[in-house]
Structures are given as structure tokens and as C-alpha cells.
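Hello,

Here is the structure for you to look over. My notes on it follow below.

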Amino acid sequence: MVEFRWHGRGGQGTWTASELLARTALDEGKYIQSFPEFGPERMGAPVTAFTRISNGPIRLHCAIYDPDVVIVLDNTLLKTVPITAGLNSDDNCIIINSSEEPSVLKENLRIEHGRVWTVPATEIAINILGAPITNTALLGVVAKATEIVTLEGIQKTLKGRFRADLAEKNFAVIQEAYKEAKVK
């Protein structure tokens, strides 16, 4: 089983990204869970979402405390939310919406285990979508970093979720993020 913890702000599509990943994995024959953790939050407040993907039935029904993958949609959360909590294995990875080099963030966050991936998701989204909607860009990096789902599978999921023009633009964002992602 691979467990993902997503960090973002209300209105950024954190749970939507978690759900898109889960739906893609389900379509590709895996077992899934996707759920948010937030109360009556206002737009812009920190939110968390979780995704579990497995080749067999998932019997856990709780938050994810020791994730395999952490995804950060808004890098301002790096200063206020303990996003590295539970990352304690060399197999872990953290994916951050940032134009910084992964080595700089790895040092600044004092990450001793695992890999750090960065992608300028906001810039990519603005260039392609005309808006700073970063959730799908990070989904592209998840596909690259973990190989848990395919790009073709994500494209199919997008086509089932959005109108054709939005699905096409979001898939262009995903492809660009996939290409531009860096790792250390």
C-alpha cells in the first residue's frame, strides 16, 4: 500500500487532486481511499487530504501519519504546517510546488530521508490555464515520482471529470509538470 498526504489551502483543489489520483488508480485496477481532513474552513485556510492506493483491499480507516508521499500545493505552508511529519524512510518522497532547487529545500527543511521533488506548478498553471490552479500540475509529478498511475490513466480520468476543453488544458499542465519536475 502507498499512502499520500496532501497539503494545500482551502479552494486550491487539494482534495480534488487526491480524488483524481484515487479515481485513476481505481480505473487501473487498484484499491483506493481518498478523504479530506478539514472542518468549516474558510478559503485559504490550511487543509489536508489523504489517498491510499493498494493492490489489495484496504482495511485501514484513519488519517495517514507516516505517509510514503507528501504533496504540498502551496509552499507558504512549509513555514506553518509540519509537512515533513512522518517522513522517516529513504523510500519517502515529498513533492513541493516551488521553483527552488530540490537540494535547497531538502536542506532548509532538514529532510534526512527520502527524495525531494520540486516543480514550478504555479507558473505552469498560469501559463497554460491562465490561473494559479496547481493541483493537477502536482498530480503529474506524483505520476512521475511514484509511477503509481499512468499519464494515460490520468488523462482518461480528467476526460470523465471535466468538460473537454478543461480536461485538455489540465492534461497539458500535467504533461508540462511531468517534464519540468526536478528531484534530489
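**Salt bridges, lysines and cysteines**

Lys182 is partly exposed, at 39% relative accessibility; buried means under 20% relative accessible area, exposed over 50%, and partly exposed in between (1.4 Å probe, protein chains only). This is a predicted model: local features need pLDDT of at least 70, side-chain atom pairs count only at pLDDT 80 or more, and totals for chains, interfaces and linings use all residues. Residues are numbered from 1 along each chain as its sequence is written, and side-chain values use heavy atoms, with hydrogens and water left out.

Confidence comes next. pLDDT is the predictor's confidence in each residue, from 0 to 100. The protein chain has a mean of 95, and 98% of its residues reach 70 or more. Helices (H or I, at least four residues) and strands (E, at least two) are DSSP runs, numbered from the N terminus.

Now the charged pairs. The structure holds seven salt bridges, each a side-chain nitrogen of Lys or Arg within 4 Å of a carboxyl oxygen of Asp or Glu. One of them joins Lys182 to Glu101, with the closest N and O atoms 2.7 Å apart. Lys182 lies in strand β7 (residues 182-183) and Glu101 in the loop between β5 (93-97) and α2 (102-108), so the pair ties together parts that are 81 residues apart in sequence. Glu101 is also partly exposed, at 38%.

Glu176 pairs with Lys179 at 3.5 Å between the closest N and O atoms. The two are three residues apart in helix α6 (residues 164-180), about one helical turn. Glu176 is partly exposed at 25%, whereas Lys179 is exposed at 60%. Salt bridges that share partners also join Glu19, Arg23 and Arg161 into one network. Glu19 has a relative accessible area of 21% and Arg23 one of 40%.

What does the side chain of Lys144 reach? The backbone oxygen of Tyr178, at 2.8 Å. That is a polar contact (a pair of N or O atoms within 3.5 Å; within protein, one must be able to donate a hydrogen and the other to accept it, and residues adjacent in sequence count only if both atoms are side-chain atoms). Lys144 lies in helix α4 (residues 135-146) and is partly exposed, at 26%. Leaving aside neighbours within four places in sequence, Lys144 is in contact (heavy atoms within 4.5 Å) with Trp117, Tyr178, Lys179 and Ala181. Lys144 and Lys179 are 35 residues apart in sequence, yet 8.8 Å apart in space, C-alpha to C-alpha.

Lys30 lies in the loop between α1 (14-27) and β2. Lys30 is buried yet has no salt bridge; Glu28, the nearest side chain of opposite charge, is 4.3 Å away. For charge, Lys and Arg count as positive and Asp and Glu as negative; His and the chain ends are not counted. A polar atom of the Lys30 side chain lies 3.2 Å from the backbone oxygen of Ile148. Beyond four places in sequence, Lys30 touches Ala25, Ile53, Ser54, Asn55 and Ile148.

Last, the cysteines. A search of the whole structure finds zero disulfides (pairs of cysteine sulfur atoms within 2.5 Å). Cys93 is buried at 1%, and Cys62 is partly exposed at 34%.

Best wishes
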